[in-house]
Amino acid sequence: MSRERIKKGVLPPAQETQEKLEKIVDDGNYYGAQQMYKTFTARYVSAERYDEALDILQSGACTQLKNGQITCGSELAVMFVETLVKGKYPYNEDNLDRVRSIYKKFPQISVPQHLQHLEDDDDMQQLSHALGAAKTRVEGCSSFLKAAIRWSAESGAPRSGSPEIHAMLAEYIYSESPDLDMAKVSFHSVRGNDANKFASILVNFTGKCYPGEDDLAIARAVLMYLSLGNLRDANYLMDEIKNQLESKNLEFPHSDLTQFIIYLLRTLERDAFPLFRMLRQKFKSSLEREPAFDELLDVIAEKFYGVQRRNPLQGMFGDIFKMMGSEGL
């Protein structure tokens, strides 16, 4: 690639640029390559040659991630989505595949949730490094996929964003987070397109969580489905969790909370708001185990029975909704 051509403002073909930058990455000059990726794509975008900018950014993100450069790869991945927005690219299968191809380059190296048998300082240092690396991976991948969800919602996907991308984010948060937040996993899973996979995640979680977290996770998942008015998948999720647990010879976590969920699913099949209110009162102490449940049930009452909430999007769950809405979380 000649300096003269660049100086005159004549942009080389994208393939030529990709090959040059990939060689710089392969030589180990990750930072230098990163600055060049950003400089070159800015020129292509300025010239409104969005297709070529996207090709370079996709290649750059995948190349940096393949070489373990998570921060650099994540930055280019987010720039890829920003270019989709600038170029007004629609949400379709081809562009979804491009997002998916970048996502698959993010490393998946699971970190143990409950840590034991740390024998010396070296073990602690290795663990600290592993946890820091996992946090970087999750933050980088989340930033990329949240941006992709926002783009998809504005470009032809359902209003809440692409179900496929939600499912990717739920999967990555669950498998990679050193500090697992099942509320985030559930938020994206119920907006995803794979209730069967979500059931598998919950069954896996029940086998490794602390006592008392299993029924909370199941109840939260069902209530989040119902808060979207999705009774079908809420019922399917409960049935599939029971089926998968039974196939593994494991017990379903019976508690007052899961009993409430079973009664609630039956109640929502018919026009029975007085029974809905009675259930909330009867199981009040169980529902108080997680403050967000009360807000979720207010949303469910509005969805299924038309009961107007006094303070829409207020309270703890409302704050979560606003945060997730503003950040694509």
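Me: At what angle do the axes of helix α3 and helix α4 cross, and how close do they come?

Reply: This is a predicted model, in which local features need pLDDT of at least 70 and side-chain atom pairs count only at pLDDT 80 or more, while totals for chains, interfaces and linings use all residues. Residues are numbered from 1 along each chain as its sequence is written, and side-chain values use heavy atoms, with hydrogens and water left out. The axes of α3 (residues 30-46) and α4 (residues 50-66) cross at roughly 165 degrees and come within 8 Å. Axes are lines fitted to C-alpha atoms, for helices over the stretch in contact, and angles run from 0 to 180 degrees between N-to-C directions. Helices (H or I, at least four residues) and strands (E, at least two) are DSSP runs, numbered from the N terminus.

Me: Why is α3 called roughly antiparallel to α4?

Reply: Angles under 35 degrees count as roughly parallel, over 145 as roughly antiparallel, 65 to 115 as roughly perpendicular and the rest as oblique. The crossing angle is roughly 165 degrees, so α3 is roughly antiparallel to α4.

Me: Which residues make the contact between α3 and α4?

Reply: Contact means heavy atoms within 4.5 Å. On α3, the contact is made by Tyr30, Ala33, Gln34, Tyr37, Thr41, Tyr44 and Val45. On α4, the residues are Tyr50, Glu52, Ala53, Ile56, Leu57, Ser59, Gly60, Thr63 and Gln64.

Me: What is in the loop between α3 and α4?

Reply: Glu48 is found there. Glu48 has a positive phi of about 60 degrees, although it is not a glycine. Most residues other than glycine have a negative phi.

Me: How do you know whether Glu48 is buried or exposed?

Reply: Buried means under 20% relative accessible area, exposed over 50%, and partly exposed in between (1.4 Å probe, protein chains only). Glu48 has a relative accessible area of 59%, so it is exposed.

Me: What makes Lys88 count as buried or exposed?

Reply: Lys88 has 74% relative accessibility, so it counts as exposed. Lys88 lies in the loop between α5 (70-86) and α6 (93-103), and has a positive phi of about 55 degrees although it is not a glycine.

Me: How do you know whether the length of α8 agrees with its number of residues?

Reply: The expected span of a helix is 1.5 Å times one less than its number of residues. Helix α8 (residues 163-176) has 14 residues and should span 20 Å; its end C-alpha atoms are 20 Å apart, so the two agree.

Me: Why is α8 described as largely enclosed by the rest of the structure?

Reply: Because 10 of its 14 residues are buried. Among them are Ile165, His166, Met168 and Glu176.

Me: Why does Asp215 count as buried, and what does Asp215 touch?

Reply: Asp215 is in helix α11 (residues 214-227). Asp215 has 4% relative accessibility, so it counts as buried. Not counting residues up to four places away in sequence, Asp215 touches Pro253, Ser255, Leu257, Thr258 and Arg289.

Me: What is the relative accessible area of Leu226, and where does Leu226 lie?

Reply: Leu226 lies in helix α11. Its relative accessible area is 0%, so Leu226 is buried. Leaving aside neighbours within four places in sequence, Leu226 is in contact with residues including Leu231, Leu264 and Phe304.

Me: How many helices and strands are in the chain, and what share of its residues is buried?

Reply: The chain has 17 helices and 0 strands. Of its 329 residues, 48% count as buried.
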